[in-house]
Amino acid sequence: MKENLLVSPFLVFYIIHAMQLGIGVLDFKDISQPAGHDAWMSIIVSGASIHILLWLLYRILKKGNGDLISIHRDLFGKWAGGFLNMLFILYLINLSFTSLRVYIEIIQLWVFPQLTPWFFSLVLLLVVGYFVINGFRVVTGICFLSALYSLPIFLTFLFPLKFAHFSNLLPIMDHSVMEILSSARKATLSMSGFELLLIFYPFIKRPDKSEKWAHLGVIYTTCIYLFVAIVTFVYYNQDQLQHIIWGTVMFWKIIEFPALERFEHLGIAAWLFVVLPNICLTLWGAHRGISQLFSLKKKRGMIIVLIIIMTAATGFIESRAAIEKLRIFSGDATFYFIYVYIPLLFLMQVVIYKFRGDKLKR
């Protein structure tokens, strides 16, 4: 990689944080279903498990000396590796589309009920495409700005504390370990995003020094999710929470200013800066993966194709039931990728490299 294409190691903190933070922080209904008021513990469990997975990712990438695309080819050959790379690209496109479609649904529910989804999707994707086509450093800049712009938004979650009932958290450990683990699994999609390291690792200067920043990014994101989850659980009781759509957005309805009557409209608009890195980074990863897989020279044409596909898909998924199925599917796909495939890839890499070493000695 040329020096002017690389980013400093400390910026990995902002990339990991911006990618993990997204739509999930606006709704804790699914997470609280298995473990109830103890679901805040599942966020800690999920965050701790991500540190282990992040350690595995760095070991995989250091041994492979490249991104996941080249590692797949090295381990499994051209055809099997190409098939796995194609699945990974589809996974990234699905993550990008899920963030986009869910955010549009929030706008439809709270701001513009008559909004045409495909038109808003097209406008937003054109902006995202502009960032993507200008390279990874521009996408990193979006992640950095997102981390800064999101700080004032999280201060607004202090307002509900004046109506808090901390007794909602009692009794502590009222649910079994399996229920807490089940709740942690439902938090997978919300806490995902760190696995994008598999595609942007070659763009980090001195990547060995970035590992501590990646772990700090996960800690920071976990603390934010934990804070918002506790505020949600002390504001709503569990019965209320299960019957409210996007409960965290409801916090903004209690905020009143003399010159601003509907603060939730401002909050949802500002949340675009939180969602934008999710869409940008995943779409950039898919675009880079396709370019590597098929050795494309005209990269601008591919980003246009991706924009057209995602815009068309937005028009087909319109009902809330379809959007909920999309979230469930994305959550399951993410769970199997990060908790099953990443450890399996680590083991296969160790075994294959050891076998090749033994074979060379003979």
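This is a predicted model: local features need pLDDT of at least 70, side-chain atom pairs count only at pLDDT 80 or more; totals for chains, interfaces and linings use all residues.
**Stop 1: a helix pair**

Select residues 11–20, helix α1, and residues 272–294, helix α14. Look at how they cross. The two helices pack at an angle of about 105 degrees. Their axes lie 8 Å apart. Angles of 65 to 115 degrees count as roughly perpendicular, so α1 is roughly perpendicular to α14.

Now show the side chains at the contact. From α1, pick Ile15, Ala18 and Met19. From α14, pick Val274, Pro277, Asn278, Leu281 and Thr282. What classes of residue make up this contact? There are 6 nonpolar and 2 polar residues, and no charged ones.

**Stop 2: a cis peptide bond**

Move to the loop between α6 (136–155) and α7 (177–186), where proline 171 sits. Select leucine 170 together with proline 171 and display the backbone. The peptide bond joining leucine 170 to proline 171 is cis. Its omega is near -5 degrees.

**Stop 3: arginine 206**

Check the backbone here. Phi is near 45 degrees, a positive value in a residue that is not glycine.

**Stop 4: tryptophan 246**

Finish in the loop between α11 (238–241) and α12 (247–251), at tryptophan 246. Tryptophan 246 is not a glycine, yet its phi is positive, at about 55 degrees. Is tryptophan 246 buried or exposed? The cut-off for buried is under 20% relative accessible area. Tryptophan 246 has 0% relative accessibility, so it counts as buried.

Technical notes:
Residues are numbered from 1 along each chain as its sequence is written. Side-chain values use heavy atoms; hydrogens and water are left out. Axes are lines fitted to C-alpha atoms, for helices over the stretch in contact, and angles run from 0 to 180 degrees between N-to-C directions. Helices (H or I, at least four residues) and strands (E, at least two) are DSSP runs, numbered from the N terminus. Angles under 35 degrees count as roughly parallel, over 145 as roughly antiparallel, 65 to 115 as roughly perpendicular and the rest as oblique. Contact means heavy atoms within 4.5 Å. Ala, Val, Leu, Ile, Met, Phe, Trp, Tyr, Cys and Pro count as nonpolar, Asp, Glu, Lys and Arg as charged, and the others, Gly among them, as polar. Buried means under 20% relative accessible area, exposed over 50%, partly exposed in between (1.4 Å probe, protein chains only).
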